Amino acid sequence: MPKFAANLSMMFTELDFLDRFAAAAEAGFKAVEYLFPYEWPAEQLRARLDEHGLTQALFNVYAGDWDAGERGLAALPGRDDEFRASITQALEYAEALDCPKLHLMSGRGVDVNDSDIRAHYVENVRWAAEQAAAAGRLLVLEPLNAYDNPGYYVPSVARAVELIDEIDRDNVRLQFDFYHAQLTDGDITNLLARVADRIGHVQLASVPARNEPDRGELCYPFVLEALDRTGYDGWVGCEYRPAAGTTEGLGWLDAYENWQGER
Ligand SMILES: O=C(O)C(=O)[C@@H](O)CO
Ligand SMILES: [Mg+2]
């Protein structure tokens, strides 16, 4: 049975960010993930983790001006200084938070078929991978669906795997978010089996509404059993928008355990 991490960028948003750690622990989570730590000193975040006995499962490398729609720098021409500084910054936070994995976003709005863009992206990710390897960290690359993120440079699992193969670094792996993967590639359990050996991190949400995983077009008890069969034993990030309150929506966890128990 998977180990679930609370995604504090989407869950417990009824509370101020720093108060979400306590709420996640109170709800029984042992790990958290979220988009970006950089607004807060690393020591302050470390203190919240320690105070509540939480593990930091993942966070993202700085991804440009998020509110202006930027979603990463790695594939963008002319942003190399910023890109390299973002890797240094992320690795410093990873050390302080004892976080093993970083989500490295590629960017949007560049031509996915341009060979120069591709060579530059591959070179940037290889550079970042070297820095991350020296610090003992894993980089994960996540395909994002085009409904939410039109023009994203990594728009499908198939494309992510192709790029990961070309990058060819042991510490660069796939972030398999079931929500995106169902929208981009579909055929979800066959897809999962095909790419299992590339996976570095997993996330979930219902499809298509991105709510609790007890609704929508994916049957998660079945899907997570398939995940177990792959041998993945890392955290599964609950990256969903609660439909009507985070705590009120957590019943799916008990129901999931019972569903397993009754089989
Ligand atoms: O949106 C997602 O899915 C994520 O995992 C974020 O890190 C990036 O948008
Ligand atoms: Mg995700």
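This is a predicted model: local features need pLDDT of at least 70, side-chain atom pairs count only at pLDDT 80 or more; totals for chains, interfaces and linings use all residues.
Some ground rules: local features need pLDDT of at least 70 and side-chain atom pairs pLDDT 80 or more, while totals for chains, interfaces and linings use all residues. Residues count from 1 along each chain as written, chains are lettered from A and ligands numbered from 1 in the order written, and side-chain values use heavy atoms, leaving out hydrogens and water.

**Exercise 1.** Work out how α3 and α4 are oriented, and which residues make the contact.

*Solution.* Start with the elements: helices are DSSP runs of H or I with at least four residues, strands are E runs of at least two, and numbering goes from the N terminus. Next, the geometry: the axes of α3 (residues 80–97) and α4 (residues 115–134) come within 10 Å and cross at roughly 25°. Axes here are lines fitted to C-alpha atoms over the stretch in contact, with angles from 0 to 180 degrees between N-to-C directions. That makes α3 roughly parallel to α4 (the label covers angles under 35 degrees). Now the contact, meaning heavy atoms within 4.5 Å: α3 brings D80, F83, R84, I87 and L91, and α4 answers with H120, N124, W127, A128, Q131 and A132. Sorted by class, that's 6 nonpolar, 3 polar and 2 charged. Nonpolar means Ala, Val, Leu, Ile, Met, Phe, Trp, Tyr, Cys and Pro; charged means Asp, Glu, Lys and Arg; the others, Gly among them, are polar.

**Exercise 2.** Now try α7 and α8.

*Solution.* Helix α7 (residues 188–195) and helix α8 (residues 220–230) have axes 10 Å apart and an angle of about 15°. The two are therefore roughly parallel. I188, T189 and L192 of α7 meet F222, V223, A226, L227 and T230 of α8. This contact has 6 nonpolar, 2 polar and no charged residues.

**Exercise 3.** Find the protein donors of the magnesium ion (ligand 2) and trace them along the chain.

*Solution.* Donors are N, O and S atoms within 2.8 Å of the metal (3.2 Å for Na, K and Ca); water isn't among the atoms, so sites may look incomplete. E142 (OE), D177 (OD), Q203 (OE1) and E239 (OE) qualify, at 2.0 to 2.2 Å. Their spacing reads E-x34-D-x25-Q-x35-E. E142, in the loop between β5 (138–141) and α5 (157–167), and Q203, in strand β7 (residues 199–204), are 61 residues apart.

Technical notes
Angles under 35 degrees count as roughly parallel, over 145 as roughly antiparallel, 65 to 115 as roughly perpendicular and the rest as oblique.
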